[in-house]
Amino acid sequence: MKKIILVVMIISGVLRAQNEAYDALKVLEPFIGKWQTNEMSFGFFEGLPDNTEMVTNEEYKWITEKSAILETWEAYTSDGKQKINHGSILFYLDPATNAIRTKHFGYDGKVYWTGNGRIENKKNLLAIHIEELTINGTHTAYTNEIRILKNDTYQSQFVNINQGGKPIENPPKRKFKRIK
């Protein structure tokens with residue numbers, strides 16, 4: 001009987017450990033799915049045109065048995081003829097800090113960039129604090145505040161933007177509609 005109890009305790013501990021990443025990342029679960037927005041581009045990211053009408057498609061999905069989330073996106077001109085940008089963000093639980101961290105990479109136009117960040121869970125929104133560096137050496141730090149407005153709509157806004165030591169005005173809020 002004692003052996004059975006010990007085996008149950010060990011299995012329970014292993015199963016709990018496997019759920020830690022999922023439990024931490026559950027704050028992003030409402031974003032799982034495919035989203036789209038029509039918007040005007042804002043040229044403060046190196047390589048992006050300014051004031052170009054575009055369609056952005058995003059997808060959030062669980063990967064690696066719900067131990068991480070991958071966000072991917074592509075943006076095209078509204079006529080679909082030219083790709084504006086594309087990229088990915090990996091959301092994961094950092095065991096050293098027990099916080100959600102991010103790794104970013106992609107292209108804005110022909111300019112490659114990478115970055116990293118961390119998530120702060122605030123009341124009614126998630127603040128993703130981000131630092132990115134382009135292949136040309138441009139450093140940009142900003143926060144992307146995301147929040148679910150309705151089951152089929154979420155809002156994103158870049159705030160506190162600093163590029164190369166200079167503050168940049170916040171662009172308009174973006175509203176994404178769920179498409180799947």
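Student: Which strand gives the most to the lining of the largest cavity?
Tutor: β2 does, with four residues. It is called a strand because a strand is a DSSP run of E with at least two residues, numbered from the N terminus, and β2 spans 53-63. The model is predicted: local features need pLDDT of at least 70, side-chain atom pairs pLDDT 80 or more, while totals for chains, interfaces and linings use all residues. Residues are numbered from 1 along each chain, and side-chain values use heavy atoms, without hydrogens or water.

Student: Which other strands supply at least two residues each to that lining?
Tutor: β3 (68-77), β4 (83-94), β5 (99-108), β7 (125-134), β8 (139-150) and β9 (153-163) do.

Student: Why is this space called a cavity?
Tutor: Because on a 1 Å grid over the protein atoms alone, a 1.4 Å probe fits at its points but cannot get out. The search of the whole structure finds two cavities of 30 Å³ or more.

Student: How many residues of each class line the largest cavity?
Tutor: There are 15 nonpolar, five polar and six charged residues. Charged means Asp, Glu, Lys and Arg, so R174 counts as charged.

Student: What is known of the second largest cavity?
Tutor: The second largest cavity holds about 70 Å³ of space. β7 gives the largest share of its lining, three residues. By class, that lining has three nonpolar, four polar and three charged residues.

Definitions and conventions:
1 Å grid on protein atoms, 1.4 Å probe; cavity = no way out; pocket = protein on both sides within 12 Å on 5 of 7 lines; lining within 4 Å. Points joined across faces, edges and corners; volume = space filled by probe spheres on them.
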